[in-house]
Amino acid sequence: MTGLRLDGVTKRYAGFELGPVDLAVADEVLAVLGPSGCGKTTLLSLVAGLARPDAGTVTLDGRALDGRPPEDRGVGLVFQDGALFPHLTARENVAYAATEDRVDDIAATLEIRDLLDRRPPALSGGERQRVALARTLAADPAALLLDEPLSSLDAPIRRRLRDELHDLFGALDVPVVYVTHDQRSATVLGDRVAVLRDGAVEQVGTPDAVLERPESEFVARFTGCENVFEATVVERGVRVDGVVLPVETTRPIGAGVTACVRPSRVRLDPAGADAGLVGTVRRRLNEGDDYRVVVDLGGPELVATVPLRTGRGLAPGDRVGASLDDVHLL
Amino acid sequence: MSTHSTWRRYARRPDWFTLALALGGLLLLYYVAPLASLFLSAPPGAVAASLGDATVVDAATTSILAATLSTLLGTAFGLPLAYWLARADTRWTDAVLAAVVLPLVLPPTVGGVVLLTVVGPNTLLGGAAATAGVPLTRSLAGVVLAQTFVASPFVVVTAKAAFEGVDRTLEHASRSLGKGRLTTARRVTLPLAGPGILAGVTLAFARAMGEFGATMMLAYYPRTMPVQIWVSFISLGLDAAYPVAIVLVVVSVLALLVLDTVASNPWR
């Protein structure tokens with residue numbers, strides 16, 4: 001079988017335990033998403049052979065990697081800040097584990113031909129990551145691991161490189177594991193997303209599944225679902241602090257549930273103050289492409305992301321109608 | 001009252017920074033003046049003439065040869081130990097480091113005594129070596145052993161710091177690019193630690209050139225330059241000691257030059 005498999009992989013440090021982790025990555029991109037300290041980097045170290053698991057096996061294309069040193073695994077690893085060799089030029093870095101003609105090919109693909117004669121200190125953060133990626137790909141790995149390669153870049157460069165990575169990964173035919181704490185990078189780049197919490201995989205699924213059908217409050221919150229309420233099932237919806245959020249459910253009336261609503265799924269209507277939910281604007285924050293509006297529903301507070309046009313017409317104290325496009329129940 | 005406080009505000013405060021320099025300057029003078037005096041005491045002609053003297057040439061040859069050998073020995077065995085100390089993940093490193101530093105704090109004559117209990121002519125090892133025709137005392141081998149004991153810790157301690165200065169992630173990167181430990185050390189770790197290692201090697205060489213105490217105990221013959229200085233001073237007086245002393249001062253200054261240019265001076 002091709003691809004990367006982790007079976008029952010466990011690693012204990014003082015005060016921290018990773019796993020047991022079971023994951024299978026075919027020729028696809030698995031984005032591992034989690035907060036710092038959740039064990040993402042440790043997971044990559046175990047696959048790359050930079051740390052030994054206490055238990056479990058790692059298999060790549062059918063062969064067990066356990067006990068093999070890092071140089072013997074065919075696993076390429078791109079580090080957070082590139083880890084370029086500072087005493088070598090960009091060209092020498094890329095050629096470190098590759099032939100010269102391959103260097104030129106990959107330099108063309110990653111658009112770094114003009115940078116090849118420079119040394120790492122003379123490269124920008126984004127350029128460094130391009131060269132680091134080129135160096136890893138030039139070694140022709142059988143699996144590619146990336147450890148938050150975009151996290152130290154400025155937003156515009158990060159977005160551009162992220163979009164390019166999306167295309168590049170599509171052209172690769174090896175399993176890719178992309179570790180990040182950024183939900184957007186995970187859902188843009190991952191064919192599937194694994195959410196990691198305190199060393200355990202909390203949920204694995206397509207980006208849509210993880211975003212729209214989170215299986216736990218942690219996954220919901222970490223993937224950007226800010227409105228999470230303890231609620232009780234009533235007729236035609238769930239009740240939160242005396243306010244009924246309309247939702248269809250098969251759960252029995254009176255059952256306790258957790259209701260999740262993404263801010264982008266809340267619509268505010270200044271004119272429709274008589275529709276279902278009504279509230280008072282508490283705060284209006286300009287986030288550039290949209291407004292973030294906090295509405296007090298007379299008990300629960302609701303965070304909404306609304307278009308600029310809607311947001312401009314709102315001010316603290318205004319009465320607004322709110323409708324929820326999607327209420328997800330846990 | 002207000003006049004008084006205004007007066008105080010504009011009064012000259014004692015300038016402590018200048019005073020610090022003045023005090024330190026006295027110490028500095030104490031370092032530099034004797035060196036200058038040494039060069040003035042020995043007329044250049046006399047020094048040049050005595051440099052051709054057979055005993056001086058022999059002492060210089062012995063010193064340079066022995067110091068080179070002991071530096072090579074110290075580097076060959078010291079670099080692996082330094083690398084291990086820098087990368088090992090055990091609590092034993094502290095104890096090992098203490099053992100490495102011991103020769104640095106031990107009085108050199110005591111070092112000589114300690115060594116004689118192992119390589120002296122009446123010991124198991126020393127006796128066997130002497131029988132085999134390689135006496136470990138009163139020989140070039142003895143000089144090298146004494147110098148290695150006293151000087152090699154400089155290589156270990158300085159190179160350890162240099163290795164620690166190399167980001168482990170770079171070694172991890174090299175390994176995950178398919179290069180083994182040895183290739184990684186050769187192509188990544190050693191070049192990056194190079195200036196620090198060179199500093200350690202330079203310090204060890206300088207220390208070996210100046211080694212006197214332990215060398216005296218192990219090998220009065222063949223005479224190294226420091227031993228020759230002492231012999232000349234005792235038998236012929238101070239004037240006879242000048243030329244070799246000047247040679248050693250020049251070697252020390254050259255070592256400093258290396259530290260301040262190609263190597264990374266650990267004290268800067």
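How many residues of chain B are in contact with chain A, and how many residues of chain A do they meet? In this predicted model, 18 residues of chain B are in contact with 18 residues of chain A. The two chains bury about 1,500 Å² between them, and 68% of that area lies on carbon and sulfur atoms. On the side of chain B, the residues that lose the most area to chain A are B:Arg175, B:Ser176 and B:Leu177, which together account for 38% of what that side buries.

One of these residues, B:Arg175, also forms a salt bridge with A:Glu71, in which the closest N and O atoms are 2.6 Å apart. Across the interface of chain B and chain A the rule finds one salt bridge, and it finds three residue pairs in polar contact there, with both residues at pLDDT 80 or more. The elements of chain B that give two or more residues to the side touching chain A are α9 (168–176) and α10 (181–210).

From the interface we can turn to the strands of chain A. Strand β1 (residues 4–13) of chain A runs antiparallel to strand β4 (residues 55–60) of chain A, and five bridges join the two; within this pairing, A:Arg5 has A:Thr59 in β4(A) as its bridge partner. β4(A) also pairs in the antiparallel sense with strand β5 (residues 63–64) of chain A, over two bridges, and here A:Leu60 stands opposite A:Arg63 in β5(A). β4(A) and β5(A) form a hairpin that leaves two residues between them, and A:Asp61, in the turn, has a positive phi of about 50°.

Another strand of chain A, β10 (residues 200–205), holds A:Gln203. Is this side chain buried or exposed? A:Gln203 counts as buried because its relative accessibility is 3%, which is under the 20% cut-off. Its polar atoms are placed against the backbone of chain A: the side chain of A:Gln203 reaches the backbone oxygen of A:Arg213 at 3.1 Å, while the backbone nitrogen of A:Glu215 lies 2.7 Å from a polar atom of the side chain of A:Gln203. Leaving aside neighbours within four places in sequence, A:Gln203 is in contact with a set of residues that includes A:Val193, A:Ala194, A:Val195, A:Ala209, A:Val210 and A:Pro214, as well as A:Arg213 and A:Glu215.

When residues up to four places away in sequence are not counted, A:Arg113 touches A:Ala107 and A:Ala108. The C-alpha atoms of A:Arg113 and A:Val131, which are 18 residues apart along the chain, are separated by 9.8 Å.

The last theme is the pairing of charged side chains within each chain. Side chains of opposite charge can pair when their charged atoms come close, and by the rule applied here the count comes to 23 salt bridges over all chains. In chain A, the side chains of A:Glu17 and A:Arg12 meet in a salt bridge at 3.6 Å, N to O; A:Glu17 is partly exposed, with a relative accessible area of 37%, and A:Arg12 is partly exposed at 47%. A:Arg197 forms a salt bridge with A:Glu202, the closest N and O atoms being 3.5 Å apart, and here A:Arg197 is partly exposed at 35% relative accessibility, as is A:Glu202 at 25%. Chain A also contains a network of salt bridges that links A:Glu111, A:Arg130, A:Arg160 and A:Glu164.

In chain B, the side chains of B:Lys160 and B:Glu164 meet in a salt bridge at 3.1 Å, N to O. Both residues lie in helix α8 (residues 140–164) of chain B, four residues apart, which is about one turn of the helix. The two partners fall into separate accessibility classes: B:Lys160 is buried because its relative accessible area is 15%, whereas B:Glu164, at 40% relative accessibility, counts as partly exposed.

Conventions. Residues numbered from 1 in each chain as written. Chains lettered and ligands numbered in written order. Predicted model: local features only at pLDDT ≥ 70, side-chain atom pairs only at ≥ 80, totals over all residues. Heavy atoms only, no water. Contact = heavy atoms within 4.5 Å. Buried area = accessible area lost by both parts, 1.4 Å probe. Salt bridge = Lys/Arg side-chain N within 4 Å of Asp/Glu carboxyl O. Polar contact = N/O pair within 3.5 Å; in protein donor to acceptor, adjacent residues only side chain to side chain. Buried < 20%, exposed > 50% of the residue type's maximum accessible area, 1.4 Å probe, protein only. Pairing = 2+ DSSP bridges.
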